[in-house]
Structure formats: C-alpha cells, structure tokens
Amino acid sequence: MSRNVGVELDALWVRFGDFVAVRDANATITGGEFFSFLGPSGCGKTTILRTVAGFQAPGGGQVRIGGRDMAGIGPNMRPTALIFQNLALFPLMKVWENIAFSLEVKGVGKTGRRKRAEELLELIALPGAGDKLVSELSGGQRQRVAIARALCAEPDVLLLDEPLSALDLKLRQRMRAELRAIQRRVGITFIYITHDQGEALTMSDKVAVMKAGVIEQIADGRTIYNNPATPFVASFVGENNVLRGKIRAVAEGFAQVETPDGLFRGRLRTDATLQPGGDAMLFIRPEAIALGGGAENRLTATVEAEAFEGQATHLQLRAAAGQAIKMSLVNRGAVRDAHSGSCHQLVFAAEQAVVLPAGELVSE
Amino acid sequence: MGAVGGFFERNGLLLGLYLLFGVGFWILVLIVLPQLAMLDLSFRHNLPPSLVGGPDDVYTLENYRHFLVGNPGNPDRLFLFGWDTGIPFNTIDISVFFRTILAALAVTLFDLLLCYPLAYYLGQSNIGGFGRIFLLLLVIPYWVNEILRAFAFRILFGNSGILNFLLLNLGIVDQPADFIRADVALYAGLGYAYILLMIFPIYNAIESLDRNQIEAARDLGSPWWRIHWRVVIPFAKPGIVSGCTMVFMLTAGALAAPQILGGPSSLWFTQIIYQWFNTGQNWARGSAYAVVLLFACVGLVLLLMRLFKVKMGEIGK
C-alpha cells in the first residue's frame with residue numbers, strides 16, 4: 001500500500017457493440033484523493049470503475065495507475081482493490097478468511113493471515129468477529145468487512161462501486177463519515193462511484209459528473225454546486241430553477257437574459273463563449289430566491305403549493321408568463337410568510353444566478 | 001394431532017389425502033416392501049415351489065457364504081500378504097465385485113472431470129440462446145433408449161466401425177484396434193450413459209453463484225485455479241456430490257452397457273446377479289448378491305460424503 005499513487009484516464013473509450021458506454025473520458029486523479037464519479041444509472045460510471053479495475057478493456061485510450069499504462073494487465077495483477085455494490089463477500093468462508101484471502105493468495109501462512117485479519121478487524125471496529133460467518137453479520141458490519149478485505153490486499157487505489165446503496169438512510173450517513181475517516185487514515189486514493197449527490201458532495205475531494213458516457217465536469221463539490229459547467233450538471237446536482245431565454249448583452253462576467261417573464265442578469269463562467277442573441281439558460285437555486293424587493297432580478301409569482309419540511313418550507317410557484325419556480329424559505333419562527341394562492345414579488349441576486357448556453361437538462 | 005391437522009389445513013383434505021397416500025404408496029409399496037422381500041429372500045434356500053413354506057424353508061446365511069467362499073470344493077484360498085490362510089475364497093465373484101466398484105468410481109471421477117468445466121461454462125457465461133441450444137443438444141440424445149445407444153457405441157467402436165475406419169485411413173494404425181476387448185467401448189458407454197446426471201446438478205449449483213464472487217477473488221489477486229478451489233467448488237459441492245452419487249450408483253448398477261459393450265473377459269457384478277436370477281434360476285442367491293452390491297454402494301457413498309463433509313440435506317438443494 002503506498003500513498004500518492006494517482007490514476008489518469010487518457011482519452012478513454014469503452015464500447016459494448018454499437019453502444020458507447022464511455023466517450024473520450026479524461027481525468028487526472030491525484031494520489032491520496034477521494035474522487036467520486038457521480039451520475040444517473042447507465043451513465044458509464046461503473047464501466048469506468050471496471051476499466052480501472054481491469055475487468056473491462058478500453059476500446060481506446062489509456063488507464064494509467066502511478067503513471068504506468070495498465071493495458072494487458074489483469075485485475076489480479078493491478079494495484080487496485082474493488083468493493084462491489086453487493087460486496088461479494090465469500091459466504092462459505094469465515095470473516096477472517098474473507099479478510100485475509102489476498103494474503104492466502106500470496107502464500108502467507110495461517111498465523112500471519114490470522115494476525116493481519118485481527119489487526120484489520122480492529123481498524124473496522126469489529127474485534128472478535130473473525131470466526132463468525134458472513135451471514136451472521138448485519139449489513140453495516142458486512143460493509144466494513146468488505147472494506148477490510150479490500151484494504152488487506154494493500155492496494156494503492158481502492159475502488160468502491162456504490163457500496164452504501166444497500167444500507168438504510170441512518171447507517172448510510174454513518175458509513176459516509178466512517179469511509180472518509182478510513183480514507184484519511186490509510187491515505188490511499190479512493191475512487192467512489194455513486195448516483196447519490198449527497199454522498200459525492202460530502203465525502204469527495206473531487207467529483208466528476210457524468211452524463212451518457214461523457215464526463216461533464218470535474219471539480220470539488222462546492223464548485224460543482226455553485227458554478228456548474230453545463231445545464232446537465234446544474235439540473236442534476238441539487239434543485240435548480242431554469243429560466244430559458246436569449247442573451248441580450250454580455251459585460252464584465254455577467255449576461256442579461258431576456259425571458260418571457262422579463263430581463264434577468266446572471267453570472268457567466270470564465271470560459272463562457274455566449275454572444276448576444278444566443279440561446280441561454282439561467283439557473284437559480286431555490287434557496288437563493290427571497291420574498292420582497294430590492295435586488296435587481298425581480299418577478300411576480302403565485303404560490304401553487306407549499307410543503308413544510310421543518311427546517312424549511314418548499315414553495316411551488318408560477319410566474320405570470322407560466323414559468324414554474326421552486327423556492328425554499330428557511331424556518332425562522334412561527335410566522336407564515338406565504339400560503340397557496342397568494343401572489344408575491346420574488347428577488348434574487350445576479351451573483352447567485354448562473355447563465356449557461358442552452359443544453360440538455362437531466363431527464364426526470 | 002396438531003401437525004396432522006395443520007397439514008390438512010394447509011393443503012386441503014383432497015390434496016392432503018392424495019399427498020399422504022401417493023407418497024405413502026410410493027415409499028412403502030414401490031420401494032420398501034420389494035427391497036424387504038429381496039432381503040428376506042436372500043436369507044433363504046433356493047427351494048422348488050413345492051417345498052416353499054415346508055419344514056426345509058428356514059433362514060440361512062448360505063447365499064452370503066457362497067459370495068465369500070464359493071462352491072464346496074473351491075480350490076481357491078484367501079491369501080493375506082502372501083500368507084495362505086487356508087480359508088476358501090470365491091476369487092471370481094469377489095474380484096468382479098471390487099472391479100465393478102472401482103470401475104464405477106473411475107467412471108464417476110472421469111464424468112466429474114469432463115462435466116465440471118462444461119457446467120461451469122454453461123452456468124457462468126451469460127451465453128443466453130446459445131447456452132439453451134447447448135443444453136438441448138445434451139438432452140436430445142437421451143431420447144434414444146439405453147440399449148440402442150449401447151448398440152450404437154458397439155458399431156462406433158467395432159472392428160469395422162467409424163473410429164477404426166478413421167484410424168486406418170489416417171494411417172494411425174495398420175490393424176483395426178479391438179476397442180471391445182480392451183473395454184474402451186464399455187467405459188466410454190458407461191461414461192456417456194449418465195453424463196446428464198452429472199452436468200445438471202453442478203450446472204444448477206454454479207448458475208446460482210454470484211459472478212461478483214469470482215471477480216472479487218480475481219481482483220484480490222487470485223489465479224484461476226484458486227478461484228475454483230476456494231470459491232466455485234465449495235459453492236458447487238452439494239451439486240458435485242449429488243451428481244457423483246447418482247452417476248456412481250447407476251454405473252455400479254448398470255446392466256445394458258456391460259452386457260452389450262463388455263469385452264469377452266470382462267464381467268460386471270450386475271451381470272453375475274442377472275445370471276443367478278435368470279440362467280441360474282436361483283433367486284435367493286441373486287438377491288443376496290444384489291443386497292451385497294446395494295449395501296456396499298450406499299456405505300461407500302456415505303463414507304465419501306463424510307470424507308468431503310457434505311450433509312445429506314445439502315444434496316436435496
């Protein structure tokens with residue numbers, strides 16, 4: 001197990017017959033990083049993981065681990081260990097035999113294997129469970145055994161394929177923190193696959209958002225959320241309002257967008273190529289919209305539905321020209337600010353709105 | 001009454017009665033009673049019908065004694081490590097008996113080695129349509145009855161058979177090889193006869209093995225043979241034992257294949273049993289020989305199951 005072994009995807013293509021599962025993927029995963037691939041099911045994220053693990057040969061391009069091209073190197077010879085979605089623990093072996101399987105393969109004697117297994121059981125807070133069968137463990141315990149089994153192989157890169165998806169919500173949230181802590185302790189590179197944005201944003205140093213075989217954006221979680229690169233990323237990660245229109249003017253990193261509900265100003269990305277007259281989408285988060293007046297972006301809308309969720313009230317509104325608006329009001333006391341049927345003026349700051357060239361949104 | 005009442009409640013009166021009498025009839029009348037009659041007969045003298053039930057109709061161990069020591073005046077003696085014990089010994093029957101058991105074990109092992117890779121391939125590769133055709137191709141030849149198949153093998157392996165024709169024309173041999181005398185035909189026929197009973201249980205077991213387990217083992221650095229040794233075979237063990245048990249039992253008890261394909265010098269133990277019943281007109285002795293074979297086979301299977309740590313319940317899975 002050595003730290004700082006990075007992984008590079010270099011113009012990677014994977015095809016299954018006519019179907020392109022991964023299209024020209026490029027990514028540099030720094031050694032010791034917690035890197036997530038986030039995307040809806042079928043977007044090719046698992047295929048990327050299997051290609052890094054060596055179960056899938058690239059149809060073009062390279063996978064490099066620690067700078068070394070992995071072409072022709074089988075899964076059993078790569079410095080990676082994969083944690084499967086269903087964990088794939090060996091049901092007929094005891095817990096300690098599961099954990100020490102990679103040592104058995106290397107020809108380590110029984111006492112040495114047992115000793116290492118006990119150390120790892122200590123690490124995953126399951127001391128004394130070595131002689132149990134996998135079927136005698138709970139879901140969370142199995143999860144930890146799978147992690148220990150993978151770590152026992154001393155991989156430079158740990159690959160995790162939605163390993164928390166089978167757990168219930170509370171356990172999933174606890175395992176997130178635990179996984180992150182284990183990653184910090186062992187210091188090796190983690191590549192994590194998930195369709196759950198909460199998991200990706202809370203655990204990862206970097207997130208790659210994928211759509212239909214294409215990596216749309218690679219950035220840290222904050223940037224993904226606050227400064228999405230494409231309409232897909234903006235609509236897939238978190239809630240967002242989309243206002244469609246045409247660019248009226250562009251100046252100093254901001255653009256004016258003309259929509260049926262009026263003229264709105266929003267931030268442009270530094271790499272933006274939008275010109276006046278171009279089709280654009282303006283994205284504004286529900287929590288960035290406020291009731292009242294003052295700010296430069298204003299529109300009037302009627303409340304259609306409200307949902308009280310404790311910490312916030314989610315409102316569903318409709319603007320005069322038919323635009324649907326979602327907004328969230330943080331609960332600051334017992335006063336009820338809005339109710340169904342009432343008409344309000346909504347405002348948002350130009351800094352919190354993002355203007356992107358029109359493109360495909362996530363399909364609901 | 002609780003269990004019985006529950007049984008009828010679950011299945012209804014009609015189905016309950018049918019299950020009770022159907023299974024009862026099957027077990028009692030078709031299995032237990034005939035075997036008990038056979039067991040009883042094996043301890044009796046071979047009497048003409050007029051004396052059956054008379055004062056001479058008494059229990060005896062004579063038939064079993066005959067299996068061990070042969071006819072009175074049998075010159076063969078039991079040798080232990082070259083030392084003449086002086087005890088008469090039925091060399092022919094006992095050696096045929098052991099040869100049959102060993103040959104049946106060898107055929108079973110051969111079938112296992114032949115079928116495991118096939119069953120693994122069929123069970124683990126998602127070959128879909130092709131896999132189903134392959135399974136069908138395995139099944140269809142078994143529509144042909146056993147005796148016809150045995151004769152077909154005789155033709156295949158005969159002096160002027162296809163195999164010899166090919167070998168001669170390819171210049172591999174200059175004389176037709178006598179596959180019948182060398183028992184090649186016999187073992188090929190026996191090996192082929194029950195192959196399905198080996199493939200299907202193993203295939204069933206392997207099909208339910210999660211593919212990720214194999215990939216996980218590979219990912220942890222395991223070479224292919226260790227994956228089979230540590231992951232696939234332990235998982236498929238009930239299927240393997242079930243297949244081996246059936247093939248062994250049926251091979252040891254086979255009659256048609258040895259009768260038709262056996263060379264002039266090879267005798268299968270079932271043929272001796274058949275001779276006692278048929279030409280020998282001594283049902284009592286035939287029964288004793290059949291009982292010996294049955295108990296030897298059951299004992300051997302139980303011993304092997306113990307050796308490989310398989311429980312009876314797992315086989316039924």
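The lining of the largest pocket comprises 25 nonpolar, six polar and seven charged residues. Here Ala, Val, Leu, Ile, Met, Phe, Trp, Tyr, Cys and Pro count as nonpolar, Asp, Glu, Lys and Arg as charged, and the others, Gly among them, as polar. The model is predicted, and totals for linings use all residues, whereas local features need pLDDT of at least 70. Residues are numbered from 1 along each chain as its sequence is written, and chains are lettered from A in the order in which they are written.

Next, select helix 11 (224-252) of chain B. This helix gives the most to the lining, with 14 residues. Helices are DSSP runs (H or I, at least four residues), numbered from the N terminus. Among the others that each supply at least two lining residues are helix 4 (91-124) and helix 9 (195-207) of chain B.

**Second stop: a helix pair**

Select helix 13 (residues 269-277) of chain B together with helix 14 of chain B: they pack at an angle of about 160 degrees, with axes 7 Å apart. The two helices are therefore roughly antiparallel to each other (angles over 145 degrees count as such). Their contact (heavy atoms within 4.5 Å) includes B:Phe269 and B:Trp276 of helix 13 of chain B, and B:Trp283 and B:Leu293 of helix 14 of chain B. The contact residues divide into nine nonpolar, three polar and one charged.

Notes. This is a predicted model: local features need pLDDT of at least 70, side-chain atom pairs count only at pLDDT 80 or more; totals for chains, interfaces and linings use all residues. Side-chain values use heavy atoms; hydrogens and water are left out. Axes are lines fitted to C-alpha atoms, for helices over the stretch in contact, and angles run from 0 to 180 degrees between N-to-C directions. Angles under 35 degrees count as roughly parallel, over 145 as roughly antiparallel, 65 to 115 as roughly perpendicular and the rest as oblique.
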